[in-house]
Amino acid sequence: MTKRHGYALLAALAAIVVLISAAIYLGVTGTGARDESADQGARTPRSSAAPASSGSWVAAWSTSPVGGEPGTELRGYAGQSIRNVVHTHTGGSSARVTLSNLYGQQPLNLTRASIALTAAPNNPSAAPGTLRALTFDGRSDVVIPPGEQRVSDAVRIRVPDGSDLLITTFSPTPSGPVTYHPHARQISYVARGERTDDESGAAYTQQSPFWRYVTAVDVYSNESQGAVVVLGDSLTDGITSTMGANRRWTDVLAQRMRDEPGNLDLSVVNQGISGNRLLSDGLGRPAGNPSGLNRFERDALSRSGVRGVVVALGINDILRNPHDNSATDIADGLRDLTRQAHQRGLRVTGATLMPFGGHRGWTPEKERMRQEVNAAIRAGKVFDHYVDFDKALRDPYDAQKLRPEYDSGDHLHPSDAGFRRMGESFDLSLLRKTAPAQL
């Protein structure tokens, strides 16, 4: 071999080494890398880059499916677009959406779905340039079997803290009962025809107080420290709060998490169901309005990025008590939730039961049960720690009743001022703690 040929061979080998090194580098750092953090089977579509590896998925908004919407048993919303409006408590660089057919009796065929930021509060129009198509395993359509849910692929969309999102779905065929949450305290919208890609809300002429199909929005965040999930009843659902104003006590707590100096950036996820009981399910299979014990795994422990749990249940077990449960039964049920959370390494903050004197269901016996449950909670043998809603909202001149300015008028549910007082009652330093207490 001549010297010139030897130099040529060395140059060729060097070029091959450079090419191989570049390929390895791109395979490790390029946007085509697999997103290991997108759990629940979600895949990143080709049209959106995978999230950066330094962040994590966090529940930004969620709601509990309650049952099948009355009147949708035959056709569902065939040929109509449903545009749900949801309010997030934390932001991120990407999002994924959970759609549920839990209470359906036949497959739900969704041919299109989308996500966008709202152009303005309480408005069905999308902010210009923010509308994104949702895909499922890379496809624009998805079939969700009865009793199941599906999580979309991750999509690149900048979601600011405390923003409103539009989650729109379209089904061309009858789907049977529509899985829904009836007391959203938020107006959503319906349009005729396939309108999922409409930035304009002009076609969305039908208003609705329900959330349909959508049960969760997760964001990929580099800043959020996780989510606090609240399991509750109508007091958490915010049934008497101002429509469309985000004045539930969970909204107040989330605002404090974002704004108060020195606090963790934690999302607050509201899993309240009006009429919910700790110990008793509603009717049907699967049970409509399932008990707190029944749904704890589904609605609380399985949320993305869950860091801690707040439990505000028990008042409906006193007011509506079909099995003659005692105060001890209620305290034991609450204690069981704490045990389940501890098995996941999570702490639980419990809430004392607020007074309802003057309500049509009040009796001296029910008041005695409420006091006994609260005594067990305050004794420190039920939860890791507690927030004293009873003390914060009761009338100083009549401890069996809500303070007048905190009463919505039915002597059970708070006013907006009462919800604000509930959200302000938390010691945020307790929500920072992670290790479970030894009860």
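Author: Let's start with a term: buried means under 20% relative accessible area, exposed over 50%, and partly exposed in between (1.4 Å probe, protein chains only). This is a predicted model, where local features need pLDDT of at least 70 and side-chain atom pairs count only at pLDDT 80 or more, while totals for chains, interfaces and linings use all residues. Residues are numbered from 1 along each chain as its sequence is written, and side-chain values use heavy atoms, with hydrogens and water left out.

Reader: Okay, so how many salt bridges does the structure hold?

Author: The general idea is that side chains of opposite charge can pair when their charged atoms come close. To count, a side-chain nitrogen of Lys or Arg must be within 4 Å of a carboxyl oxygen of Asp or Glu. Here there are 24 salt bridges. Take arginine 368 and glutamate 365, whose closest N and O atoms are 2.2 Å apart.

Reader: Where do arginine 368 and glutamate 365 sit in helix H7?

Author: Helices are DSSP runs (H or I, at least four residues), numbered from the N terminus. In helix H7 (residues 364-378), the two are 3 residues apart, so about one helical turn separates them. Glutamate 365 is partly exposed at 42%, and arginine 368 is partly exposed too, at 37% relative accessibility.

Reader: And aspartate 390, is that buried or exposed?

Author: Buried, at 1% relative accessibility. Aspartate 390 forms a salt bridge with arginine 370, closest N and O atoms 3.2 Å apart. Since aspartate 390 lies in helix H8 (residues 389-393) and arginine 370 in helix H7, the pair ties together parts 20 residues apart in sequence. Arginine 370 is buried as well, at 0%.
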